[in-house]
Amino acid sequence: MLGLKLATDPRWVNIVESNIEEILTDHAWCEQKAATNAITIITLNSEHTDLVTELLELAKEELEHFQMVHDIIKKRGYTLGRERKDSYVNELYKFMNKGGNRVQSMVDRLLFSAMIEARSCERFKLLSKRIKDPELSKFYHDLMISEAGHYTTFLKFARQYGQGVDVEKRWKELIDFEAKVIQNYGKSETIHG
């Protein structure tokens, strides 16, 4: 369903389990950035009422996820660490068209967002199936479902508002680009690392 070309090595979960506090901190900041991204898309495309309506809900959900992760952090006696740089996302960002028109920029931002949600969904699924911690297994299963919904929302709007852009071709190009990027990841206890 997600169309990703390269699956995460299941041994990544072993790395995650070696430092639960780190994965939770990284995850919390990923949720915050996802909410901020949705608000940015709204700000840049406010004339599309349906997009604004749906992405407002998505942003609220991402903030709720941030709070849920933070609650787990507190419950376990951890402290939310400082915001983490997400090298995977920064590398994906290089794919985005910087010189195109407004529609091309919107499509690229929506596809970029869909890709991040797809990879997060894939990672959450892997965590839900392989992590030994029952609470986190259920937590990541529930979030996997939510991320899949976000993925389809972003793709839907790219296709809906991408007049004059070959959205399917651009999506395939991004899938190919992401396959090259992700080869360098899966070695640290971060959601995309």
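Q: At what angle do H2 and H3 pack?
A: You're looking at a predicted model, where local features need pLDDT of at least 70, side-chain atom pairs count only at pLDDT 80 or more, and totals for chains, interfaces and linings use all residues. Helices (H or I, at least four residues) and strands (E, at least two) are DSSP runs, numbered from the N terminus. Axes are lines fitted to C-alpha atoms, for helices over the stretch in contact, and angles run from 0 to 180 degrees between N-to-C directions. With that in hand, the axes of H2 and H3 sit 8 Å apart and the packing angle is about 165°.

Q: Are H2 and H3 roughly parallel or antiparallel to each other?
A: Go by the angle: under 35 degrees counts as roughly parallel, over 145 as roughly antiparallel, 65 to 115 as roughly perpendicular and the rest as oblique. H2 and H3 pack at about 165°. So the two helices, H2 and H3, are roughly antiparallel.

Q: In which kind of crossing does H2 pass H3, left-handed or right-handed?
A: A crossing is left-handed if the near helix is turned anticlockwise from the far one by less than a right angle, and right-handed if clockwise. For H2 passing H3, the crossing comes out left-handed.

Q: How many nonpolar residues are in the contact of H2 with H3?
A: Ala, Val, Leu, Ile, Met, Phe, Trp, Tyr, Cys and Pro count as nonpolar, Asp, Glu, Lys and Arg as charged, and the others, Gly among them, as polar. The contact of H2 with H3 has 4 polar residues and 2 charged ones, while its nonpolar count is 20.

Q: What is the rough crossing angle of helix H2 and helix H6?
A: H2 covers residues 20-44 and H6 covers residues 134-161. Their axes come within 14 Å, and they cross at roughly 25°. That makes H2 roughly parallel to H6, in keeping with the rough crossing angle of 25°.

Q: How many charged residues are in the contact of H3 with H6?
A: The axes of H3 and H6 come within 11 Å and cross at roughly 160°, so the two are roughly antiparallel. Their crossing is left-handed. The contact of H3 with H6 has 12 nonpolar and 5 polar residues, and its charged count is 8.

Q: How many residues apart in sequence are the parts that Glu17 and Lys132 tie together?
A: A salt bridge is a side-chain nitrogen of Lys or Arg within 4 Å of a carboxyl oxygen of Asp or Glu, and the count comes to 21. In one of them, Glu17 pairs with Lys132, with the closest N and O atoms 3.4 Å apart. Glu17 is in helix H1 (residues 12-17) and Lys132 is in the loop between helix H5 (102-130) and H6, so the parts tied together are apart in sequence by 115 residues.

Q: Which helix holds Lys156, the residue tied to Glu54?
A: Residues are numbered from 1 along each chain as its sequence is written, and side-chain values use heavy atoms, with hydrogens and water left out. Glu54 and Lys156 form a salt bridge whose closest N and O atoms are 2.5 Å apart. Glu54 lies in helix H3 (residues 49-75), so this pair ties together parts 102 residues apart in sequence, with Lys156 in helix H6.

Q: What is the relative accessibility of Met144?
A: Buried means under 20% relative accessible area, exposed over 50%, and partly exposed in between (1.4 Å probe, protein chains only). Met144 is in helix H6 and touches Cys121, Phe124 and Lys125, leaving aside residues up to four places away in sequence. Met144 counts as buried because its relative accessibility is 14%.

Q: Which residues does Phe177 touch, not counting residues up to four places away in sequence?
A: Phe177 belongs to helix H7. With a relative accessible area of 25%, Phe177 is partly exposed. Leaving out residues up to four places away in sequence, Phe177 touches Glu91, Leu92 and Phe95.

Note on methods. Contact means heavy atoms within 4.5 Å.
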